[in-house]
Amino acid sequence: MKIIKRLSHLLPVLTMGVITTTIYSPPANAEDWLVNECEADNDNGGNPVIVCNDGFSIAVFWNDGSYVNGWCNSRNDYDVDYRGLSRENAQSWVRYICN
């Protein structure tokens, strides 16, 4: 009984840890792409980037943790997930790579 009582006190702490990790974990990882889908490049500022493109979606990763994830589709607004740059800049990366 003591073990069950201790676990019942620990469960909310574990649950909060899982929720916080899920919320704060960036959804973009260069490791999720295949090697043949990515290449090293530089942005206009000369910063190194990894650009990934599988024909349907794209991703750009910077060394500082910034990234852009997007889908190549016929819509002009593009579905974009990004961190470390403006939405307009993120969409321009998707347009540039998809077109």
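Which residue takes a positive phi in the hairpin of β2 and β3? In this predicted model, the residue is Gly-55, with a phi near 95°. Three residues lie between the two strands of that hairpin.

Strand β2 covers residues 48–53 and pairs with β3 in the antiparallel sense. Five bridges join the two. Within this pairing, Ile-50 stands opposite Phe-61 of β3. Strand β3 also pairs with β4, residues 67–71. This pairing is antiparallel too and runs over five bridges. Here Ile-58 stands opposite Gly-70 of β4. The hairpin of β3 and β4 has four residues between its strands. In its turn, Gly-65 has a positive phi of about 95°.

Strand β3 spans residues 57–62. Six of its six residues are buried, that is, under 20% relative accessible area. The strand is therefore largely enclosed by the rest of the structure. In a regular strand, side chains alternate between the two faces of the sheet. Both faces of β3 are covered. Ser-57, Ala-59 and Phe-61 are buried on one side. Ile-58, Val-60 and Trp-62 are buried on the other.

In soluble globular proteins, nonpolar side chains tend to be buried together. The largest nonpolar core of this model has twelve residues. Among them are Ile-58, Val-60 and Trp-62, along with Val-49, Val-51, Val-68, Val-80 and Leu-85. Ala-90, Trp-93, Val-94 and Ile-97 also belong to this core. Strands β2 and β3 and helix α2 (87–98) each supply at least two of the core residues. The largest share, four residues, comes from α2.

Trp-62 has contacts in several parts of the chain. Leaving aside residues up to four places away in sequence, Trp-62 touches Asp-43, Asn-47, Pro-48 and Val-49, among others. Further contacts of Trp-62 include Tyr-67, Val-68, Leu-85 and Trp-93.

The largest pocket holds about 290 Å³ of space. Its lining comprises 15 residues. Asp-41, Val-51, Trp-93, Tyr-96 and Ile-97 lie nearest the pocket centre. Strand β1 (38–42), strand β2 and helix α2 are the elements that give two or more residues to this lining. Helix α2 provides the largest share, five residues. By class, the lining has six nonpolar, five polar and four charged residues. Val-51, Trp-93 and Ile-97 belong to the largest nonpolar core and are also among the residues nearest the centre of the largest pocket.

Technical notes
Residues numbered from 1 in each chain as written. Predicted model: local features only at pLDDT ≥ 70, side-chain atom pairs only at ≥ 80, totals over all residues. Heavy atoms only, no water. Buried < 20%, exposed > 50% of the residue type's maximum accessible area, 1.4 Å probe, protein only. Pairing = 2+ DSSP bridges. Core = buried A, V, L, I, M, F, W, Y, C linked by side-chain atoms within 4.5 Å. Contact = heavy atoms within 4.5 Å. 1 Å grid on protein atoms, 1.4 Å probe; cavity = no way out; pocket = protein on both sides within 12 Å on 5 of 7 lines; lining within 4 Å. Points joined across faces, edges and corners; volume = space filled by probe spheres on them. Nonpolar A, V, L, I, M, F, W, Y, C, P; charged D, E, K, R; others polar.
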